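Here is a short report on one protein chain. Look at the model first, then read on.

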Amino acid sequence: MKFYNIYFSPTGGTKKVATIVAKGMQLESEEINLMKEPDKITKVKFEKEDLCLVAVPSYGGRIPSVVTDMFRNVKADGTKAILAAVFGNRAIDDTLLELQDVLEASGFVCIAGMEAVAEHSLMHQFGTGRPDQQDEKELLEFAAKILQNSETQRIPAFPGNRPYREYNGVPLKPVANGKCTSCGLCAKECPAGAIPLTNPKMTDKDKCILVCTV
Ligand SMILES: Cc1cc2nc3c(=O)[nH]c(=O)nc-3n(C[C@H](O)[C@H](O)[C@H](O)COP(=O)(O)O)c2cc1C
């Protein structure tokens with residue numbers, strides 16, 4: 001049995017939450033960082049007895065569109081998944097429900113889910129310093145409860161609605177200023193392929209999902 005800690009975390013808040021929950025699961029975990037190694041997930045053979053933690057930030061109450069794309073070619077075999085939706089200032093709206101739908105379309109069985117707060121990646125005055133000690137305590141307690149009930153086959157009713165909340169991105173896009181040397185680092189980091197390596201000063205505004213990685 002393998003335990004995978006899978007997260008998409010452009011500014012690190014979701015990773016912090018996932019790390020705490022993974023610690024609470026008291027299992028040796030293999031990390032899959034969807035920002036750094038987006039292809040790794042398609043190469044893993046998820047077995048029925050494996051367990052996955054899948055953590056994503058909430059963007060406009062939805063899962064980041066690139067995460068949906070990343071799971072399109074993943075095939076699990078009834079593998080159990082624990083879901084985490086992380087938000088900064090408002091709410092997760094339909095994030096857990098959408099994540100459940102995406103994972104179940106790939107053959108996972110979702111056995112538990114949680115929402116958690118992390119510092120807002122754009123407006124740092126919201127959720128500043130979170131997850132904090134209290135968050136950590138609650139997340140560890142919740143992980144312990146999941147561990148006690150990990151044999152469950154019941155599919156939880158996650159909050160949210162179908163059709164999901166409409167989200168068309170935010171009208172802010174990165175613009176290169178005079179200090180840009182066209183080194184291409186941002187193009188390499190961009191998970192949406194919105195910044196061309198050949199001309200990093202020109203962000204493709206339709207592809208950009210504003211992950212705020214610095
Ligand atoms: C484009 C964008 C949209 C967001 N939309 C929401 C939202 O609808 N509700 C909310 O509470 N937080 C929202 N947030 C805040 C993120 O969910 C939060 O900062 C999260 O911790 C970011 O995860 P990360 O640190 O792993 O990148 C949004 C952030 C970004 C960048």
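Where is P163 found? P163 sits in the loop between α5 and α6 (185-189). Keep in mind that this is a predicted model.

**Backbone details**

R162 and P163 are joined by a cis peptide bond, with omega at about -5 degrees. There is another cis bond, from R130 to P131, where omega is near 5 degrees. P131 belongs to the loop between β5 and α5. Most residues other than glycine have a negative phi, and most peptide bonds are trans.

Phi also gives some points to note. S182 is not a glycine, yet its phi is positive, about 55 degrees. S182 lies in the loop between α5 and α6. Its relative accessible area is 37%, so S182 is partly exposed. L210 is not a glycine either, and its phi is positive at about 55 degrees. L210 is placed in the segment after α6. With a relative accessible area of 15%, L210 is buried.

Two packed helices are described by the angle between their axes and the distance between the axes. Take helix α1 (residues 13-25) and helix α5 (residues 133-148): their axes come within 8 Å and cross at roughly 45 degrees. Therefore α1 and α5 are oblique to each other. The crossing of α1 past α5 is right-handed. On the α1 side, the contact is made by V17, I20, V21, K23, G24 and M25. On the α5 side, it is made by E136, L139, L140, A143, A144, I146 and L147. Sorted by class, the contact of α1 with α5 has 10 nonpolar, 1 polar and 2 charged residues.

A22 also lies in helix α1. Is A22 buried or exposed? A22 counts as buried, because its relative accessibility is 8% and the cut-off for buried is under 20%. Leaving aside neighbours within four places in sequence, A22 is in contact with F3, N5, L27, S29 and L53.

**Around helix α4**

Helix α4 spans residues 95-105. It is largely enclosed by the rest of the structure, because 8 of its 11 residues are buried. The buried residues are T95, L96, L97, E98, L99, Q100, V102 and L103. What covers them includes β3, α3, β4 (79-87) and β5 (108-117).

T95 is buried, with a relative accessible area of 0%. Beyond its neighbours within four places in sequence, T95 is in contact with V56, P57, S58, G61, R62, I63 and A85.

R62 is placed in the loop between β3 (51-57) and α3 (65-71). R62 is buried, at 19% relative accessible area. Which residues does R62 contact, leaving aside its neighbours within four places in sequence? They are P57, T95, E98, Y164, R165, E166 and Y167. The side chains of R62 and E98 are joined by a polar contact of 2.8 Å.

**Sequence and space**

| Pair | Apart in sequence | Apart in space, C-alpha to C-alpha |
|---|---|---|
| R62 and Y167 | 105 residues | 7.3 Å |
| A22 and A176 | 154 residues | 37 Å |

R62 and Y167 are also in contact.

Methods. Residues are numbered from 1 along each chain as its sequence is written. This is a predicted model: local features need pLDDT of at least 70, side-chain atom pairs count only at pLDDT 80 or more; totals for chains, interfaces and linings use all residues. Side-chain values use heavy atoms; hydrogens and water are left out. Axes are lines fitted to C-alpha atoms, for helices over the stretch in contact, and angles run from 0 to 180 degrees between N-to-C directions. Helices (H or I, at least four residues) and strands (E, at least two) are DSSP runs, numbered from the N terminus. Angles under 35 degrees count as roughly parallel, over 145 as roughly antiparallel, 65 to 115 as roughly perpendicular and the rest as oblique. A crossing is left-handed if the near helix is turned anticlockwise from the far one by less than a right angle, and right-handed if clockwise. Contact means heavy atoms within 4.5 Å. Ala, Val, Leu, Ile, Met, Phe, Trp, Tyr, Cys and Pro count as nonpolar, Asp, Glu, Lys and Arg as charged, and the others, Gly among them, as polar. Buried means under 20% relative accessible area, exposed over 50%, partly exposed in between (1.4 Å probe, protein chains only). A polar contact is a pair of N or O atoms within 3.5 Å; within protein, one must be able to donate a hydrogen and the other to accept it, and residues adjacent in sequence count only if both atoms are side-chain atoms.
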